[in-house]
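Welcome, and thanks for taking a look at this one with us. Please keep the model open beside the text as you read.

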Amino acid sequence: MSFLNSLDIGFSALSAERLRMDVISQNIAHQDSYNTADGDPYCRQLVSFQEKVTFSDVMNRYTQERESAHKHGVYYRKNRNNYTYAGVQVAEVIDDETPFTPVYDPDNPLADENGYIYQTNVDNSKEQIDLLAAQRSYEANATAIEAVKSMLDKAQTLTGR
């Protein structure tokens, strides 16, 4: 049932936004870290999304089908559901390229030969804004899923099933 595939889109977005919120929470938790296991400060992580099925792929599938004439125009035979597995997915979690902030502290055991220690590149205000955006996106997708479920209930009521 192609109508239910719209739920796949919403659920994939919920999953992706949940991972984004987890990464942002991890960034906030490590904002005061000066040293990791490899000796460098913690590097801010960013989440990159991509679509599972591109719009051009869907259109190419439609145009590759054989055309049939009909009194209301042209339609395509074997018109399968081309939106199966549509939605969003996490492409990768990448390191932020923002440089670390040097702080002069020659008495610190982590200081380099010039007396500097390096703070993480996590900015709490940026993280809070990103978290707010991720929460709003999550809420919007949850609302869209609820709308689809409501439409499905209404359709079942109208058909008597």
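## An aromatic pair

This structure contains one aromatic pair. (Rings of Phe, Tyr and Trp, the last by its six-membered ring, pair if their centres lie within 6.5 Å; planes under 30 degrees apart are stacked, over 60 edge-to-face, and the rest tilted.) Because Tyr 104 belongs to strand 5 (residues 101-104) and Tyr 116 to strand 6 (residues 116-119), the pair ties together parts that are 12 residues apart in sequence.

How exposed are the two rings' residues? Tyr 104 counts as exposed, at 55% relative accessibility, while Tyr 116 is partly exposed, with a relative accessible area of 31%. (Buried means under 20% relative accessible area, exposed over 50%, and partly exposed in between, using a 1.4 Å probe and protein chains only.)

## About the model

Do bear in mind that this is a predicted model: local features need pLDDT of at least 70, side-chain atom pairs count only at pLDDT 80 or more, and totals for chains, interfaces and linings use all residues. Residues are numbered from 1 along each chain as its sequence is written, and side-chain values use heavy atoms, with hydrogens and water left out.

## The overall picture

The protein has three helices and six strands, and from the N terminus on its elements run α-β-α-β-β-β-β-β-α. (Helices are DSSP runs of H or I with at least four residues, strands are runs of E with at least two, and both are numbered from the N terminus.)

Of the 161 residues in the protein, 25% are buried. The protein exposes about 11100 Å², and carbon and sulfur atoms supply 51% of that area (Shrake-Rupley method with a 1.4 Å probe; for residues, only the protein chains shown count as cover). Among contacts with a separation of 6 or more, 66% come from residues 24 or more positions apart (contact means heavy atoms within 4.5 Å).

## Asn 27 in helix 1

Now turn to helix 1 (residues 5-29), where Asn 27 is found. Asn 27 counts as buried because its relative accessibility is 0%. Leaving aside residues up to four places away in sequence, Asn 27 touches Tyr 42, Arg 44, Gln 45, Val 122 and Glu 127. With Gln 45 there is a closer look to take: the Asn 27 side chain reaches the backbone oxygen of Gln 45 at 2.8 Å.

## Thr 157 in helix 3

Helix 3 (residues 124-159) includes Thr 157, which counts as exposed at 59% relative accessibility. A polar atom of the Thr 157 side chain lies 2.9 Å from the backbone oxygen of Asp 153.

Methods:
A polar contact is a pair of N or O atoms within 3.5 Å; within protein, one must be able to donate a hydrogen and the other to accept it, and residues adjacent in sequence count only if both atoms are side-chain atoms.
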